[in-house]
Amino acid sequence: MSDNGFVDKAKGEVKQNVGKVVGDTKTQSEGMVDKAVGGVKEAVHEVANAIDGAVDSIKKKFQD
């Protein structure tokens, strides 16, 4: 089962905060990238759900 971006966002948040605390800009930047990847995954998942809903709606109209 897909995490739909949640794991990437959570991992990114941790990396970003650890990077801030220890002063490691590379880790902080990696965290920001991970969070962005998670956000993109979430958006793709939402679009896919919307498309599925539209397809189901169209199918239903043709079945009636």
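Contact means heavy atoms within 4.5 Å of each other. The model is predicted: local features need pLDDT of at least 70 and side-chain atom pairs count only at pLDDT 80 or more, while totals for chains, interfaces and linings use all residues. Residues are numbered from 1 along each chain as its sequence is written, and side-chain values use heavy atoms, with hydrogens and water left out.

**View 1. Q16 and its neighbours.** Q16 lies in helix α1 (helices are DSSP runs of H or I, at least four residues, numbered from the N terminus). Which residues does Q16 touch, not counting residues up to four places away in sequence? They are T27, Q28, G31, M32 and K35. Q16 is buried, with a relative accessible area of 11% (buried means under 20%, exposed over 50%, partly exposed in between, with a 1.4 Å probe and protein chains only).

**View 2. Helices α1 and α2 side by side.** The axes of α1 (residues 6-22) and α2 (residues 25-63) come within 7 Å and cross at roughly 160° (axes are lines fitted to C-alpha atoms, for helices over the stretch in contact, and angles run from 0 to 180 degrees between N-to-C directions). The two helices are therefore roughly antiparallel (over 145 degrees; under 35 is roughly parallel, 65 to 115 roughly perpendicular and the rest oblique). The contact residues include D8, K9 and Q16 of α1 and T27, G31 and E42 of α2.

**View 3. Buried residues of α2.** T27, G31, D34 and G38 are the buried residues of α2. These buried residues pack against α1.
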